Amino acid sequence: MRTSSPYNPSGPSGPSTPSRPALPALSRRGLLTAGGALGLGALLTACGDDKDKASNAGSSDGKAWSFKDDRGKTVRTKSTPKNIVAFISTAAALHDYGVECTGVFGPSKPVGGKPNPQAGDLDVDKLTSVGETWGQFNIEKYASLKPDLLISNMFPPPNLWFVPEESSKKIAALAPSVGINGARASLLEPLKRYTDLAVALGADLESEKVRAAKSRFQKAERTLRKAAKANGGLKVMAMTGDADQMYVAVPDSYCDLNYFKDLGVEFVEGKKSDEWGFWEFLSWENADKYHADLIMVDNRSSALNEQQLAKKPTWNKLPAVKAGQTVPWSMEERYSYAGYAPVLEQLAAAVEKSKKLKR
């Protein structure tokens with residue numbers, strides 16, 4: 001039984017199947033470390049009683065705050081939220097606008113000694129993580145932060161990404177939430193929505209850093225459009241993989257791929273394998289179903305990296321792989337101009353140098 005949207009397979013929640021598996025129940029030990037079920041219940045009740053205090057502590061101006069999210073829900077608090085807990089790439093996007101979070105959830109630990117690609121420019125050592133992997137969300141730790149607001153993406157609405165559905169009511173009792181849609185739309189939409197949210201939370205769009213990031217993004221946009229036009233007919237495939245299967249993306253379901261199509265990139269069109277419609281599932285024996293001149297490879301820590309993919313014989317036989325024509329796919333990049341400018345630049349460079357290969 002599905003408990004939430006399946007945005008990704010070996011993706012968001014770690015290797016599994018794209019039609020997101022049933023979420024594992026939060027461990028009793030994780031929930032009850034502070035003194036058993038009654039202790040947790042008391043903590044939740046106390047935090048619920050303190051919600052108004054937390055909101056009042058959010059801003060010194062004391063002005064009422066509101067924001068309408070992509071569920072059509074208007075969140076209202078007595079003052080601008082200060083103690084914000086967000087999905088890792090959401091926190092990274094807000095950081096790019098000068099809005100800082102107190103806590104995060106989702107993959108934030110370094111990968112191979114390097115910063116997690118989903119963490120952007122965040123200093124994760126200064127943030128409290130309430131859960132690193134899919135299905136983990138430490139409610140006690142979250143409550144201890146006295147959150148004013150929780151923010152996450154949605155793939156698609158109304159479920160909040162990485163917020164376990166079976167715990168959602170307890171989590172919702174502690175603070176209001178905002179959800180931003182990242183599915184079946186152009187990338188420009190969540191970019192705008194995060195800009196709107198950042199402004200509502202006090203960001204200055206006229207700062208030199210923010211203006212420079214948007215300028216770089218717009219330049220990269222033009223560069224990718226030019227590269228796609230110059231190398232017309234180049235077939236690009238976006239994929240991820242786990243031990244058992246390769247997953248080919250359905251481009252229109254992903255806001256970034258959708259947007260890249262608008263800029264002229266020609267994608268292999270995976271056919272949806274379930275009602276969620278994000279992926280076509282292929283056994284590794286059928287990894288060569290589609291011809292691709294350039295392959296975008298999921299760069300998240302939960303997906304097979306290229307060294308791991310190289311252990312799959314059929315992967316090594318793909319023309320693009322043999323030609324060295326692959327590029328990382330930042331499929332959960334933060335929705336900010338600072339986050340996506342390098343993504344556009346990298347894809348433009350890959351498209352420009354790739355050659356059309358024989359089938």
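Trainee: What makes strand E3 (residues 84-87) and strand E6 a pair?
Mentor: Two strands pair if DSSP finds at least two bridges between them. E3 and E6 have three bridges, in the parallel sense, so they pair by that definition. Ile84 stands opposite Leu149 in E6. The model is predicted: local features need pLDDT of at least 70, side-chain atom pairs count only at pLDDT 80 or more, and totals for chains, interfaces and linings use all residues. Residues are numbered from 1 along each chain as its sequence is written, and side-chain values use heavy atoms, with hydrogens and water left out.

Trainee: Which sense, parallel or antiparallel, do E6 and strand E7 (residues 177-181) pair in?
Mentor: Parallel, over five bridges. Ile151 stands opposite Val178 in E7. Strands here are DSSP runs of E, at least two residues; helices are runs of H or I, at least four residues; both are numbered from the N terminus.

Trainee: Why is strand E6 (residues 149-154) called largely enclosed?
Mentor: Six of its six residues are buried, so the rest of the structure largely encloses E6. Buried means under 20% relative accessible area, exposed over 50%, partly exposed in between (1.4 Å probe, protein chains only).

Trainee: Why is Asn258 called buried?
Mentor: Its relative accessible area is 16%. That is under 20%, so Asn258 counts as buried. Asn258 is in helix H9. Not counting residues up to four places away in sequence, it touches Ala185, Ser186, Pro251 and Asp252. Contact means heavy atoms within 4.5 Å.

Trainee: How do you know that the span of helix H8 (residues 208-230) is close to the expected one?
Mentor: The expected span is 1.5 Å times one less than the number of residues. H8 has 23 residues, and 33 Å is expected. From first C-alpha to last, H8 reaches 33 Å.

Trainee: What covers the buried residues of H8?
Mentor: The cover includes helices H4 (88-96), H7 (188-200), H9 (255-262) and H13 (337-353). Among the buried residues of H8 are Val210, Phe217, Glu221 and Leu224.

Trainee: What classes make up the lining of the largest pocket?
Mentor: Six nonpolar, eight polar and four charged residues. Ala, Val, Leu, Ile, Met, Phe, Trp, Tyr, Cys and Pro count as nonpolar; Asp, Glu, Lys and Arg as charged; the others, Gly among them, as polar. The largest share of that lining, three residues, comes from helix H10.
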